[in-house]
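User: I am new to protein structures and would like to learn how to read pockets, cavities and helix packing. Could you take me through one example step by step?

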Amino acid sequence: MSTPRIGLALGGGGARGLAHVPVIEAFDDLGLVPHAVAGTSIGAIFGAGYAGGLSGEDLRAVSEETFRDRNAVLARLWKLRPRRIGDLFGSPGPLQFDAAKVLEHFVGPHFPADFADLKIPLTIIATDYFSCCEAKLTSGPLHPAIAASMAIPALFKPVMLDGRVMVDGGLVNPLPFDALPDDLDIVVASDVIGAPIPRKGRNVPGASDAAFGATQILMQSINLEKLKNRRPDILVKPDIAGYRVLDFLKTDKILAAAEPMRDMVKREIAAAIETFEARRAG
């Protein structure tokens, strides 16, 4: 009996992307390893860790340890804070963090140095700013590619990569199931985009909420158009509506809220494999 080729796509959504962990754990529970992984933004981070050899349990432990101590997190960010008003493409812009430095200080040691060192083929999605198009990153140094994919404009400086200015991949492809190889038999996609949510006692969003919320609206619109033409075989959306893009200090709560995804994904993958085997046998 032939084994189906399975692909996994991990979408962007900031801290909501912690919900990818139970999805990856479902693969581990079934003893399955995807033939390919694609990731955008936070999905690129977890995708790189997974493709680099970390299990779902490992990724859970790293996430919990990284964001367990609020004071330690804030101390790290203080050290990484921009020292002056930065220049954004030659014009004065808001204070922004260096995505590569943030990546290295928080989770960089957990990733291989190069795409060639990965155990699973990985496609990382970034946005080529001046060409206004998607950039599929599949080879070369891994850490700059992840930094490019996670470079949310309101939060991080753009990343220079191979002579191109890169920003957050979610601006062009927030759920990159269509970036996976065409010869896969089953495609699983984890959607953590979410939508803007109001703050208690505030009718109108502040500047940062408006910026992140507008990006979520853009990503939702892109995703809806993509799904009209093609759908992954398994599309999962964890119930994490109450969490915002930067809620990393709520890691434990997000993981707990997403935990039902683990059994649901196992059931759906098992059913998809059964259908595949029946089709091949017939």
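**Reading pockets, cavities and packing**

Analyst: In this predicted model, the second largest pocket has a volume of about 390 Å³. Of the 21 residues that line the second largest pocket, those closest to its centre are Ile197, Arg199, Ser208, Asp209 and Arg244.

User: How do the residues lining the second largest pocket divide by class?

Analyst: The lining of the second largest pocket divides into 12 nonpolar, 4 polar and 5 charged residues.

User: What volume does the largest pocket have, and which residues are closest to its centre?

Analyst: About 800 Å³ of space lies in the largest pocket. Its lining is made of 33 residues, and the closest to the centre are Phe67, Leu77, Val102, Leu246 and Phe248. By class, the lining of the largest pocket has 25 nonpolar, 5 polar and 3 charged residues.

User: Which helices supply at least two residues each to the lining of the largest pocket?

Analyst: Helices α2 (42-51), α3, α4 (70-80) and α5 (99-106) each supply at least two residues of that lining. Among the contributors, α3 gives the most, with 5 residues.

User: How should I read aromatic pairs, and how many does a search of the whole structure find?

Analyst: For a pair of aromatic rings, one reads the distance between the ring centres together with the angle between the ring planes, and planes under 30 degrees apart count as stacked. A search of the whole structure finds 3 aromatic pairs. One of them joins Phe67 and Phe106, a stacked pair with 6.2 Å from centre to centre and 20° between the planes. This pair links distant parts of the chain, since Phe67 lies in helix α3 and Phe106 in helix α5, 39 residues apart.

User: What about cavities: how many of 30 Å³ or more are found, and which residues line the largest one?

Analyst: A cavity differs from a pocket in that a probe fits inside a cavity but cannot get out, whereas a pocket is open. The search of the whole structure finds 2 cavities of 30 Å³ or more, and about 110 Å³ of space lies in the largest cavity. The residues lining the largest cavity include Gly12, Gly13, Gly14, Ser41, Asp168 and Phe212. By class, the lining of the largest cavity divides into 5 nonpolar, 6 polar and 1 charged.

User: How is the packing of two helices read, and at what angle do the axes of α1 and α3 cross?

Analyst: One reads how far apart the axes come and the angle between them, and an angle over 145 degrees counts as roughly antiparallel. The axes of helix α1 (residues 20-30) and helix α3 (residues 56-67) come within 8 Å and cross at roughly 155°, which means that α1 is roughly antiparallel to α3. The contact is made by Val21, Pro22, Ile24, Glu25 and Asp28 of α1, together with Gly56, Glu57, Leu59, Arg60 and Ser63 of α3. By class, this contact of α1 with α3 has 4 nonpolar, 2 polar and 4 charged residues.

User: Which residues meet where α8 packs with α9?

Analyst: Helix α8 (residues 251-258) and helix α9 (residues 260-281) pack at an angle of about 35°, with their axes 5 Å apart. Here Ala256, Ala257 and Ala258 in α8 meet Pro260, Met261 and Arg262 in α9.

Technical notes:
Residues numbered from 1 in each chain as written. Predicted model: local features only at pLDDT ≥ 70, side-chain atom pairs only at ≥ 80, totals over all residues. Heavy atoms only, no water. Axes fitted to C-alpha atoms, helices over the stretch in contact; angles between N-to-C directions. Helix = DSSP H or I, 4+ residues; strand = E, 2+ residues; numbered from the N terminus. Parallel < 35°, antiparallel > 145°, perpendicular 65-115°, else oblique. Contact = heavy atoms within 4.5 Å. Nonpolar A, V, L, I, M, F, W, Y, C, P; charged D, E, K, R; others polar. 1 Å grid on protein atoms, 1.4 Å probe; cavity = no way out; pocket = protein on both sides within 12 Å on 5 of 7 lines; lining within 4 Å. Points joined across faces, edges and corners; volume = space filled by probe spheres on them. Phe/Tyr/Trp six-rings, centres within 6.5 Å; stacked < 30°, edge-to-face > 60°.
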